[in-house]
Amino acid sequence: MHDGSEQNVPPVVVPPGSYPRFADRHIGPDHSARKAMLATLGHDSLRSLTDAAVPALIADRSLDLPLALDEPAVLAALRALGRANRPVPSMIGLGFHPAVMPGVIQRNVLENPAWYTAYTPYQPEISQGRLEALLNFQTMITDLTGLAVAGASLLDEPTAAAEAMQIALRRARGGRRVYLVDADTLPQTIAVVATRAEALGATVHLVDLSDGPSGGDGLAAVPAELLDAAFGLLVSYPGPSGALREHREVFARARERGLLVTVAADLLALTLLRSPGELGADIAVGSTQRFGLPLSFGGPHAGYLAVRSGLERTLPGRLVGVSIDAAGDPAYRLTLQTREQHIRREKATSNICTAQVLPAVLASMYAVYHGPQGLAGIARRVHGLAVRLAEGLRVGGVTLGDSSFFDTVIAAAPGRAGEVVAAALEHGVNIRLVDDDHVGISCNETTVEADLRAVWAAFGVPPAAAAEVTAQAELDGPIPTTTAVALPTELVRTDRYLEHPVFHEHRSETAMLRYLRRLSDLDLALDRGMIPLGSCTMKLNATTEMAAVTWPEFADIHPYAPLDQAAGYLTLIRDLEEWLARITGYAGVSVQPNAGSQGELAGLLAIRAYHRDHTPAGAPVRDVCLIPSSAHGTNAASAAMAGMRVVVVACDADGNVDLDDLARAARTHTEVLAALMVTYPSTHGVYEEGIGQACALVHEAGGLVYVDGANLNALVGLAKPGQFGADVSHLNLHKTFCIPHGGGGPGVGPVAVGEKLLPYLPNHPLRAEAGPATGVGPISGSPWGSAGILMIPWAYIQMMGADGLREATSVAVLNANYIAHRLRPHYPVLYSGRGGLVAHECILDLRPLTRATGVTVDDVAKRLIDYGFHAPTMSFPVAGTLMVEPTESEDLGEIDRFCDAMTAIRAEADKVGDGTWPLEDNPLRNAPHTAAMVTADEWAHPYPRSVAAYPVATLRTGKYWPPVRRIDGAYGDRNLMCTCPPVASFAEPVDEPATLATVG
Ligand SMILES: Cc1ncc(COP(=O)(O)O)c(C=O)c1O
C-alpha cells in the first residue's frame, strides 16, 4: 500500500473537478510547514521521525482500510445509509420516547461548535457558560426529583441505577449483599445493575411490589431472610408496565430496615406526579432523553442521579457548584474535586470521567425554553393521549392492565400479541411486544391523533367506537377532570418547581437565542483556539463528520425498533467495528461502552470472565490487577468496580514502567494475577521500549494485558496494541476519532479484544445481535451504546483512509516534538524516549520554575487564558507539570502562537524571580484578568494594564475576555451550593462569604 506519510512526496494530485483531499483539511501543518518543522528536529521526513520515535519491535505500518472518500462522497454514503433506516413513529417506550428538540436549541447548541467542541470544565474561568447550563440541569433535576443535590449528568439511566446500587453497597453494613429490584423495571436497567452487582459480589433479587394494594407495604411478601440480607431497593416510577403505584409505605419500611431506596423516575411524569423525595426516596435516577433529545438508536442521552441531603459526598461523576472568584463575585466551578479518580483511584466513588454534558445541556435548555408550565403542558397532553388511547381500546373490548398510568398502557391480545404488533406497523406505528399475550403502547410528545387510530385499528377496534372517543376528546386542553384522568389522586403533584427566573425568562425565541449566545460567548472552546490538553486529543471535529447526527433518518430510530428499520445503522456499526479492529490489530470490537471508563470496565470484566472459565477448580481466583503509578485514575477505579484488587507498579526515573518492579509484582502474585493495565504510549507521553517485555512478563505469570487506548492518536497506522502483546483495549472515539468532547461528553469507548476474549464482549438482554450469548452482560443501557454519534468516527475513517490516518498520527508526533523542541530552553521536558523524542504529547516540568520564582503551575495555566489559550493538562500524571498535546489538527501558526505565549510567560515568571514584581502581585498571580478589572478606575498593580490585557500585540485584534477572575475552589467546597443561586447574589458584590446560601 502506498504510504502517504512519506515526506518530500509531492501533495496528492487531485483530479480536476474533484473535491480537495479531506486529510489536507484535517491536518493543520501543510507540506511546507511540515518540512520546516522537521528540519528543526533534524529529520527530513515524517517517516524518518516516526521510525526514530516508535520502537522497531512494535512498529507496524500496515493498515487495511477502504480508500479515502472526499467530503461530498462521504455525505452521499451517509445519506445512503440513512435511507436504509426507516423511521417509524414509535410508541415502544421502554425508557425511550420520541421528543421534539426546539429548533433554536438544535441549531445554537447541538450544531454549534462553541458548545460541542468545548472540553470538560476543569478550567472554570473559561467555562462559565457551560457551567451555568449544567447548574440549570442540576436545578432542574433537584426540583423535579425533590431531592437535595443532583450531579451534572451520568451516562444513561441504567448506569445511573448501577451507580446508585454502588452507593448503597458501599454503605452496606453486616455483609449485606442483596439488592432488591422492583420487577417492573426496565429490562436493560435490571441487566446493567446485575452485571455491576455480580462483579462486586452482590446479587440482584427481583421483587413484585404490585402484590399488595397501592399504598400498602409491598415488601411484606418478601421473605425476612432476604430483607435482612438486602442493602438497597430500586423501584421504578413508573416502570415498563406504565402502572403508577403509591410506594410511600414501602420506602418507609425499607429505610427502617436500613435499605437505601432508589427510585428510577420518568422526568416528564414528575412534572405531574409527586416527587421521589416527597415519597421518601434516598436517591432518584433516570434519563433526560425525553427532554428534547432524539432517540438516535439508543443514545447519547444524559442520565441523572440525585440524592437526599447527607449523601452528596457519595455522588458519582461531576458536580457543579457555586464559589467565588478573586474579586468575591459568584462564579461556577466543579465542586468536591477531591472525588476525582486521579486522587482517590481505586477508592473513588465511581470510574465516571467523561459523562454526557452536551445532552445534559440540551435537556436543561429544553426546560429553560418551556418552563414549568410548558413542561407540565406537554406532560398533560401526553397523559391525555394515553387516557384516550386506553378509553378507545376499552370501548373496543380490549382488556387493559393497571388503571393508573402516565403515558403507557398494557393491552391484552391473548395469543396474538405478535399479530397486533405487526398490524400496528402496517398502520404506521411501532408498539411493543410484551409477551405472547400482551402489547405495550406509550404516548409521547410527538404522538398525534393518527397514531392512536393506528393502534385502535391494529386491535380491530370498530371505527365507530374509536370515533366516539375522538369526538369527546379535548386533545390540547388541561388534564381532563375525573373520569379521564388515570393519575392516582394521592400521587398528583402539588408543590411548585423550576421557580428560578432562568426557567421563566426565555419564552420567546429571541430571548432564548440571546441566552444561548451569551452563555457560549463566556466560554473558550476549540472554535476559538487550540486546546493543548495532554491525554485528551482535542483535534478537529469536522463539520462533515457531524452532519448526519441530526438527520431524521438516524435521529428518529428507536433502539428497540425492528432491526430491519435500522439496517443503515447496523451496516455503519459493522463497518466501524471492523475498521477499529483492523486499526488496533484486535479480533473484535464492541461499540457498546459509552465512555472510556465503561470500555475499561467492559475489558476488565472480560478478563475476569476469561479467568473464571480457565482457572482450574480449586485454584485461587485471579483478581490482582497491576497498574503503574502513572496510570489515569479511571484505571484503578474500573479495576475496583470489576472486583479486582489493585497493586501499584512503580515507574523508573525516566517515567517508564519499572520492569524489575513489574517482574517482582508478577512473581509475588503469580497465582492470583489477573491483569496488567497499562497506557500506551504512556501517560508520560513516551513510546516505552519495554512494552513487549512487560506484556511477556505478565503472560508468563498467567495474567492478561489491558492496554488503555486513550493515547491511540500516537499509534494509528504506526503500531497495533492487539499485535504487540495486549489482549484488550478500550478506545476513546471522542479523542482519536473526532467525536467532539461536548464540554464533558458524550463519548464512546469501544472495547477491542483479541481472539480469546471474544466470547466475553458485552451483550444485551433485548438484542441478541449486540454481543455474544456468552458475554459479560450489558455495560450500557443501549445495545450499541451511543449509536447516534457513530457516524462521526465512521465519516472520519472513511474520509482519511489508511494513508490519511497514518499521516495524521505522524503529524501529531511532529507537532508534539516541535513544541517540546521550542519550549525545552524555557521549561524542561520531563520525559522523552529514543533519540530524545516524545510521542504525541510532552510534559513540561514547571517544578524548577516554581522553586526558583514561586510561580506555580496554576499561575501559568491561568495566565495562558490572558493569552487566549486553554491551559494544558495540569499536574497529571506528575504534580507540578503541564502536559501538552497539540494534535495533528493545529497548524504551525497556532502552535507558534502557543509557544510564543509560553515563552513570554516564562519571561514574566523570571521578573517575579528577580524581584521586579512581587510574588503576590504580578500578571501571573492575578491571572486571568477580566475586562472589569483592567478597566476599573483604580489600578494599583506594579505592571501596566496593557501587560495585563495585551501581553502580545496580536491580542489587540482579537481577545477572549474571561468573565470571572481566578476562582477560589476551596470556598465552594466548604460552602456547597449546587443549584442556581438566587439572582440577587449576582446583583451585588459578595463581600461576606456568608451571604451565599449553602445547600446540603
Ligand atoms: C489515559 C486515559 N484513560 C482513560 C480515560 C477515561 O476515558 P473517559 O473520559 O472517556 O471515561 C482517560 C480520559 O481522559 C484517559 O486519559
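1. Two strands are taken as paired if DSSP finds at least two bridges between them. In this predicted model, strand E8, covering residues 320-325, meets that condition with E23, since the two pair in the antiparallel sense over two bridges. Within this pairing, Asp325 stands opposite Ile967 in E23.

2. The pairing belongs to an open sheet of three strands, which are arranged in the order E9-E8-E23 and pair in the antiparallel sense. Strand E9 (330-334) and strand E23 (967-968) stand at the edges with a single partner strand each, so one side of each is left without a neighbour in the sheet.

3. A helix accompanies these strands: helix H7, formed by residues 128-145, lies across E8 and E9 and runs at about 80° to E9.

4. A separate point concerns two helices, H3 (residues 46-53) and H26 (residues 791-823), which pack at an angle of about 75° with their axes 10 Å apart. Because angles of 65 to 115 degrees count as roughly perpendicular, H3 and H26 are therefore described as roughly perpendicular to each other.

5. On the H3 side of this contact are Leu46, Leu49, Thr50 and Ala53, and they meet Ser810, Val811, Val813 and Leu814 in H26. The residues of the contact of H3 with H26 comprise six nonpolar, two polar and no charged.

6. As for annotation, an unreviewed UniProt entry places the feature "domain: Glycine cleavage system P-protein N-terminal" at residues 24-459 and 504-762. In the model, the span 504-762 is 34% helix and 13% strand, and its end C-alpha atoms lie 44 Å apart.

Note on methods: Residues numbered from 1 in each chain as written. Predicted model: local features only at pLDDT ≥ 70, side-chain atom pairs only at ≥ 80, totals over all residues. Helix = DSSP H or I, 4+ residues; strand = E, 2+ residues; numbered from the N terminus. Contact = placed C-beta atoms within 7 Å. Axes fitted to C-alpha atoms, helices over the stretch in contact; angles between N-to-C directions. Parallel < 35°, antiparallel > 145°, perpendicular 65-115°, else oblique. Nonpolar A, V, L, I, M, F, W, Y, C, P; charged D, E, K, R; others polar. UniProt positions renumbered as here; feature names shortened; annotations may be inferred.
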